[in-house]
Amino acid sequence: MIWNEAKECMSRDEKIVLQGARLVKTVDRVYHSVPFYRRKMQNIGIEPGDIRGIEDLERLPFTTKADLRENYPFGLFAVPQSEIIRIHASSGTTGKATVVGYTRKDLDIWSECVARAFTMAGVSKDDIIQVAYGYGLFTGGLGAHNGAEKLGATVVPMSTGNTKKLTTMMVDFGATAIACTPSYLLHIAETLEENGEIDMIKLKVAICGAEPWTENMRKQIEAKLNIHAHDIYGLSEIMGPGVACDCEYHKGLHVYDDHFLPEVIDPDTLSAVAEDELGELVFTTITKEGIPLLRYRTRDLTSISYETCECGRTLPRISRFKGRSDDMLIIRGVNVFPSQVEAALLEMGETSPHYMMIVDRANNLDTLEVQVEVNERFFSDEIKELEKLTKRIEHSLQQALGIAAKVKLVEPKSIERSMGKAVRVIDKRKLV
Ligand code: DLL
């Protein structure tokens, strides 16, 4: 099923005309209603009339998270506050929150995008969906909620906080779909197992996102729960969940580029990289009213492909995220992403996918310890067996990361479970 065939399967030529017209309007609007953009454009000597279509996109200035923070809270809003009917914010780890505002039309478009994504994942009005992203200033809960309602599914607004209640209701209500972070879904699966409820569920599909996860993790979740799992992407600055989602072929995430114009750039030179080449994802919103953004640098690393998908959609596809450029650790000069550790552990299949990376510095040298939870099966093994397992994990981490890591096996369920975005790294170098 395709929610909006006209837009999702539009020919590229038609799409470019539509995007061009929308971009021209957006640039004109921000120039006249957001002093920040007028100044930025004047500084580089361009006027709205200079932008005639998407071929001129590269002439526009970039926007960063710092720009949003410096204009806290409402400085980048392009409409009077009376037109804003919802505020969301993401806290981040440093500085002020990033605040975004939505007009009624913005919320309608957001619901439409989430409805497209959920339809892509096979959810329909016949499903009972538990929304287990946090409700509140975080966009996950309310974003998924409104989209599922638009679809006509029966929405159970669980939020996060009470996993036991969630699994009980999953069984009692016969929930067929769930939306939550992948790390939380793993925790939910463990809880179902512990409570002997795993064979009692009717779950068919999960729509997971808000944090990086590997293809192996997706497959493991599918096998554990006997469901289909889909990857949904989004960010508060652009909208929230539903900027992109993967279809049943799982060959990248389809971007709704009739609303969000994507570019992938080299973060150093700031020029576009070639199709299928890794770079930083940049979005220009072309229908947003509340807080339209020009060339917003997401810091998320991916590649883009414009080839039509087997599902029939012409929407471009971005590859599964490797992580954010700010998640990248530099350990002894080598670039390391937590997702590489996850992929290596899952590849081995001997441990649980719960891990924590602890980076520190001893005698001026970076150290990496990876704590890995062992399966119950292994934990009862003799010390000798555990030592062998440690060596095997250390070997495969060395192969995957290109640096040595010390592995510490820890008891099953001893690494803290998260209900929202999982924390996988403790970088003690930053704490001093
Ligand atoms: O995480 C919105 C969201 C909610 C997306 C629920 C999907 C599901 P923020 O809190 O602003 O918004 O965080 C956005 O999270 O820039 C990525 O780094 C990361 N992220 C989101 N989805 C994915 C994903 C929400 N599917 C930041 N894979 C983004 C990898 C993701 N990273």
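When I say polar contact here, I mean a pair of N or O atoms within 3.5 Å. Keep that in mind, and keep in mind too that this is a predicted model.

Okay, the ligand. One of its nitrogen atoms sits 3.0 Å from a polar backbone atom of Ala210, so that pair falls within the 3.5 Å cut-off. On the oxygen side, there's a ligand oxygen 2.4 Å from a side-chain N or O atom of Ser236. And for Arg324, a side-chain N or O atom is 2.9 Å from an oxygen of the ligand. How much of the ligand does the protein bury? Taken alone, the ligand exposes 610 Å², and 94% of that is buried by the protein.

So who's around it? The shell has 19 residues, and the ones that come nearest are Asp231, Ile232, Ser236, Asp300 and Lys421. If you sort the shell by class, you get nine nonpolar, five polar and five charged. Two elements give two or more residues to it: helix H6, 139-151, and strand E7, 228-235. Which of the elements gives the most to the shell? That's E7, with five residues.

H7 covers residues 163-173 and H8 covers 182-194, and they pack with their axes 10 Å apart, at an angle of about 70 degrees. That makes the two helices roughly perpendicular, because anything from 65 to 115 degrees gets that label. If you want to find the contact on screen, look for Thr163, Leu166, Thr167 and Met170 on the H7 side. On the H8 side, they meet Tyr184, His187, Ile188, Thr191 and Leu192. By class, that contact has five nonpolar residues, four polar ones and no charged ones.

Most peptide bonds are trans, and most residues other than glycine have a negative phi. Now look at Tyr72 and Pro73: they're joined by a cis peptide bond, with omega about -5 degrees. Pro73 is in the loop between helix H4, 65-70, and strand E1, 86-90. Then there's Ser159, which isn't a glycine but has a positive phi, near 60 degrees. You'll find Ser159 in the loop that runs between strand E4, 154-156, and H7.

That's my tour.

How values were computed. Residues are numbered from 1 along each chain as its sequence is written. This is a predicted model: local features need pLDDT of at least 70, side-chain atom pairs count only at pLDDT 80 or more; totals for chains, interfaces and linings use all residues. Side-chain values use heavy atoms; hydrogens and water are left out. A residue is near a molecule or strand if one of its heavy atoms lies within 4 Å of it. A polar contact is a pair of N or O atoms within 3.5 Å; within protein, one must be able to donate a hydrogen and the other to accept it, and residues adjacent in sequence count only if both atoms are side-chain atoms. Accessible areas come from the Shrake-Rupley method with a 1.4 Å probe; for residues, only the protein chains shown count as cover. Helices (H or I, at least four residues) and strands (E, at least two) are DSSP runs, numbered from the N terminus. Ala, Val, Leu, Ile, Met, Phe, Trp, Tyr, Cys and Pro count as nonpolar, Asp, Glu, Lys and Arg as charged, and the others, Gly among them, as polar. Axes are lines fitted to C-alpha atoms, for helices over the stretch in contact, and angles run from 0 to 180 degrees between N-to-C directions. Angles under 35 degrees count as roughly parallel, over 145 as roughly antiparallel, 65 to 115 as roughly perpendicular and the rest as oblique. Contact means heavy atoms within 4.5 Å.
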